[in-house]
Amino acid sequence: MSQSASSFEFSLAGRKLAARSGILALMDDMGRALTLDPQMRMLGGGNPAVVPGLQALVRERMAELVADAGGFERMMVSYDPPQGNPRFLRALAELLRRTYGWDIGPQNLAITCGGQSAFFFLFNLLAGRFDGGRRKKILLPLAPEYIGYADQGLEPDFFVACRPAIEWPQGREGNVFKYTIDFAAVERALARGNIGAIAASRPTNPTGNVLTDAEVARLSALAAAHDIPLILDNAYGAPFPGLMFTPAKPFWAPHVILALSLSKLGLPGTRTGIVIAPEPVAMAITSLTAVVGLANGTIGQQIVLPWVESGKILELGPKILRPFYAEKAAAAAGWAREFLDAAGVDWALHAHEGAFFHWLWLKNLRIPTLELYERLKARKVLTVPGEHFFFGLEEDWPHRHECLRLNFSREAEVVREGYRLIAEEAAKAAR
Ligand SMILES: Cc1ncc(COP(=O)(O)O)c(C=O)c1O
């Protein structure tokens, strides 16, 4: 019997992964905006800016690689082992040992095709279905959390998330708020006994929040007490790219899994993720890489190799990226205040402690931000509605419909006009 392509049946896992997920819609809108619609003001997506000082270094290094006949051929024509390039792994383990005193070696590292793949592997290794019909979930101690995790579970109902406490560091009039972990909620979730790992991004995408050293130490202690790993997603954080504007120590412990990436350093096109983990986890990631993709991209590792060997990679954030993004953040915060105040909107921004997003809380909207997002898209401003970031929360919370994530890393005119139009549309949609 002949079957049309549209009637092929997908497996349960296939159906779940191939559904139109939030991350797919986001990447689609962003990709279209960047390629097909030059008029669109792109405040959505997680693309880093073209940071001139950093791109100059990358170009210089590329020229060096292209000129080095043996090196260039090795980079382009050879598969690396699935764990990653052995010289890169040695250099990175050595850098982390000598800089932070972490007791790790190359056996604790695994390269992946971007941090995104690292999380798909880690989450599905540590949560889902287990022997004897047991099920485990990933605990997100603070929602909102990174949209890219939301659809990664091979099983439904994969995450449990905790609503945060809200603080006003400059008093209520300051228009600046900060989420902090509600540890009573975290302990209640852990007490259910079905958590496979605790996971948090630091800095957090979407909010730019940086969990404090005390919060991380407490999460680490809770994870250790429950004999589960703590996964820290440092895609924007320490040791690199170091996009943090508040003091925060890089954290590692034997039961901690760190995920790093070269993307926010300015190299998302190379798709390079790095997992630092207990050896059995690093080896499991290596096996998954072999099964799913044989090996990883070589180019990112080769570009940054000398910077890892010399330690220069740790200086790029503080010296080049931070001043660049700090200026962007300050200009955008100024426009937020100017336009939202003038429009009479009741607003607040999350404290900008890291990454390159503003998390805008619009407190008196008549419509959910999903609807505001559509209205803004019609006015050629692309944002990300807050609803996508609250997955895993068991109760509804009106706050989840009141926030927008804004990437302020593009050209000043684009961001300024984008913030102006957001204020205009937020005022029209106000109660
Ligand atoms: C918090 C966080 N983690 C992980 C990633 C994945 O990045 P990549 O796959 O480019 O390394 C991103 C990308 O935006 C992110 O924001």
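Guide: On a 1 Å grid over the protein atoms alone, a pocket is an open set of points where a 1.4 Å probe fits, with protein on both sides within 12 Å along at least five of seven lines; its lining residues have an atom within 4 Å of a point. The model is predicted, so local features need pLDDT of at least 70 and side-chain atom pairs pLDDT 80 or more, while totals for chains, interfaces and linings use all residues. Residues are numbered from 1 along each chain as its sequence is written, and side-chain values use heavy atoms, without hydrogens and water.

Visitor: Where does the ligand sit?
Guide: A molecule sits in a pocket if more than half of its atoms lie within 2 Å of the grid points. By that test the ligand's place is the largest pocket.

Visitor: Which residues come nearest to the ligand?
Guide: The shell around the ligand (a heavy atom within 4 Å) has 13 residues. Helix α6, residues 114–126, gives the most to this shell, with three; helices (at least four residues) and strands (at least two) are DSSP runs. Those that come nearest are Gly115, Asn205, Asp233, Ser261 and Ser263.

Visitor: How much of the ligand's area does the protein bury?
Guide: A backbone atom of glycine 115 lies 2.7 Å away from one, and a side-chain atom of arginine 271 is 2.8 Å from one. Serine 261 brings a polar side-chain atom to 2.7 Å from a ligand oxygen. Taken alone the ligand exposes 400 Å² (Shrake-Rupley, 1.4 Å probe), and the share buried by the protein is 93%.

Visitor: Which elements give two or more residues to the lining of the largest pocket?
Guide: This pocket holds about 630 Å³ of space, the volume filled by probe spheres set on its points. Its lining has 32 residues, and among the closest to its centre are Tyr146 and Lys264. The elements asked for are α2 (22–35), α6 and β10 (256–261).

Visitor: Which residue does a cis peptide bond join to arginine 202?
Guide: Most peptide bonds are trans. Here omega is about -5 degrees.

Visitor: Which loop holds aspartate 157?
Guide: Most residues other than glycine have a negative phi. Aspartate 157 has a positive phi, near 55 degrees. Its loop runs between β4 (135–140) and β5 (159–161).

Key
A polar contact is a pair of N or O atoms within 3.5 Å; within protein, one must be able to donate a hydrogen and the other to accept it, and residues adjacent in sequence count only if both atoms are side-chain atoms.
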